[in-house]
Structure formats: C-alpha cells, structure tokens
Amino acid sequence: MRYEVYTSSAPQAAEAAGEVAGQIFFEPSTVLFFAPDNNFEFYTKEFKQRFQNAEVFGVAATTVFTQSSTEDGCLTVCVMDDDIECHGGVLEEISRYPDKYRGRIADCVQKLSEVRNTVCLEFSAAFYSCEELVLDTLNKELDDYHIPVAGGSTGIKGAPEQNLVSYNGVVYQEAAVFMLLHNKHGKVCLYREDIYHPTKNYFFATEVNIHQRKVSEFDDRPAADVLAEAMGVGIDGLSDMLLVHPLGRQSAGDIYMTDGNEILPDGSITFYASVYGNTRMVLLDLGDYKEITKDTICRIKEDVPEPRFGIMINCYSRTQLFRKENYVEDFRDAYAEVFGNAFFCFTGFGEQLYHTHLNQTLVMLVFE
C-alpha cells in the first residue's frame, strides 16, 4: 500500500516535473497534482504522458502544505497505488447545468469493486458560486450508495478564469473534477474542524438573493447596519471586522461557517456560500485554535489508530490567519507527526462536506 507526496519549487516547469517524476519508483494508479495556473496546461499533458495507465487529476492552486513544504506556487504531486481504487471524471458547466453530466458519476460507481469504504473527493473551480450545484449533482447519484462527498474550491483568488482543473490530459474551465476513492484495506473517516465559536448575536436573514449569495436584510433591517451595530463599529470598519468574525448558518442544531465577501453601497452583503431565506445566523468569534488542533488529532487517533494517508482541505482565510499568528509550521508539523509524508493540505476558497458548502473550515479525509 503506497501513497506518497512530492513537491518541487524548481522555477522551470519541465525541471519541476522531472524532479518529482524522478522520485516515483512504483507505477501509480492515481496521480493528483496541484500547480500554479501559468504552467498548468504543461503539467496536465506532462503527467498524463508520463503515467499513461493512471487516472490523472490536476488542480490549480496557490498554497499546499506537505511534510516538508509550505511554499506558494510550487508543484505538489500525490501518487497512489491500486490499493486505493480510483475512478473519476469531470463535471462541466458547473455554474449552469452540472446535472447534464451526472451520468459520468453513475459510470464510475458501476466500475467500483465495492462501495463500502468509498469516498468521493471533488475539486470545484472557485468563484462561480456553483458549489451547491456541484454537491447536489454528486449527492443525487451517490446518496443511494452511502458514498459521502468531501472536497474544496480551487484556484487563484478572485480570478475565475484561472481556476482550472484537469482530467487525463485535458484542461477545463468552469468545471469540477471528482474521484471515487475506495480503500481496499480499511475504512475512510471524514472530519470537519471549526476554530470559531458562536457569540450571543443571532439574526434572521429576512431578505436574500440566493443566486447572488447576497443578504440584503437581517431582521428586516439593512444587513450591514445590523452587523456593524453587533460588532460595535461603523460601516467603514465592517469589512475588517468580517475578516475575523465570520457568520454561521444555523441548521438542524449545527452551525455552518460562512465568510463575508463584499459590502455593497445599499447595505447588503455578499457571502462565499449561499444563505437561504429565514436562515438563523450567528456572529462567530475566534477560539483557541491550537487546542482545537490537538483535539482534532486526538479524535483521529481514537477513530483510526493506524492512519496511513490524509487529505486535508484548509480554507484560505484560515491559512492567512495561521500565517499572521506564525502557526503555519506548527500546524503542518502536528499533522506530519500523524501521517509522516503521506498527507497534503490543499488551501482552497471553500470547503465541501457531505451536502454542505462551507467557509473558514478544515475538512479532512483519513484512510486507515
């Protein structure tokens, strides 16, 4: 059973690809690479040519953590042997009609030797406001098989045209790649970590535009006025406060974190996840993230005494916070103690777990 992660910060794409490929001494059945958008097409074609018998997936990304690297813009490649069975594909037109490609998911399910101990890992191009559509498409096909979904929104901040994915040598825009991963030798456990906790400030979203991910009113008043008043700042200081005080959507006793995006002149606010009408929202405050990391690792060790491989999706905002607090290396080292070199942590612009699109969250897949 082999899962290995390699990185290269070589300035030339051909050199970086050669450096990584030169370290792979077995025939992988699955290749997943993360790379900057400027060399993305080269890597897409290069790795499919080098590993013609493998399922090859590519994701445009800025920051990926591994045991030995936290650099921006470097090449990161994860390879797996066939002890993790993989069947994947791509959903296109994700902001318009991803359901049109649902048959590709069904085809992959039929190829699986077994649906037990299987998870769907997906990466959706960010800033198309489409993650809920992608999740709905995947879960329509996978719910009956009890295959859970986890993943992240990929790309370069604020630039949809640079948020690329690839599958088997072809680059796609406005698309999501998915892979059904079946662990032949153990279970797959999913985890979600939030480092914020609710305050006493609750509101109802009384006027929303779901398609624009916009809230115009909380409690029948302009959204910006309500939040500024709750935080004790003027409207001009609200943007800075939203960076450190995200909101939570309350649903069925749980709280799903939602990042504020833009405050509009009319007092409405756009978010990075959809807020539905009459959703109860709560203002959040930062908790003790160092202790929360320890608690998450304890949960993993209790559930999976022998974890062999970890896939982590960490929110861009969390990564920026950890950098500001000089916590990135400690965070990385804590998980390196659990997984050694057999893990990577992708920094994305949204996180997906089961049926829900999240922000400011860590999502993790752990293979026994």
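Strand S13 and strand S14 (residues 214-218) run antiparallel and are joined by four bridges. Helices (H or I, at least four residues) and strands (E, at least two) are DSSP runs, numbered from the N terminus, and two strands pair if DSSP finds at least two bridges between them. This is a predicted model, in which local features need pLDDT of at least 70 and side-chain atom pairs count only at pLDDT 80 or more, while totals for chains, interfaces and linings use all residues. Residues are numbered from 1 along each chain as its sequence is written, and side-chain values use heavy atoms, with hydrogens and water left out.

- Asn-209 has Lys-214 in S14 as its bridge partner.
- The two strands S13 and S14 form a hairpin with four residues between them, and Arg-213 in the turn has a positive phi of about 50 degrees.
- S13 (residues 196-209) also pairs with strand S20 (residues 280-286), in the antiparallel sense and over six bridges.
- In that pairing, His-197 has Asp-285 of S20 as its bridge partner.

**The six-stranded sheet**

- Six strands form an open sheet with mixed pairing, in the order S6-S11-S7-S8-S23-S24.
- Its edge strands, S6 (84-92) and S24 (356-358), each pair on one side only.
- Neighbouring strands of this sheet are turned by 20 degrees against each other on average, direction ignored; axes are lines fitted to C-alpha atoms, for helices over the stretch in contact, and angles run from 0 to 180 degrees between N-to-C directions.
- Helix H3 (residues 102-111) packs on the sheet, touching S6 and S11 (175-183), and its direction makes about 170 degrees with that of S6; contact means heavy atoms within 4.5 Å.
- S6 and S11 run antiparallel and are joined by nine bridges, with Leu-91 opposite Ala-176 in S11.
- Eight of the nine residues of S6 are buried, so this strand is largely enclosed by the rest of the structure; buried means under 20% relative accessible area, exposed over 50%, and partly exposed in between (1.4 Å probe, protein chains only).

**Nonpolar cores**

- A nonpolar core is a set of buried Ala, Val, Leu, Ile, Met, Phe, Trp, Tyr and Cys residues joined through side-chain atoms within 4.5 Å.
- The largest has 38 residues, of which Leu-32, Phe-309 and Phe-344 touch the most other members.
- S11 gives the most to this core, with four residues.
- A second, separate core of 29 residues includes Phe-65, Val-304, Ala-334 and Val-366.
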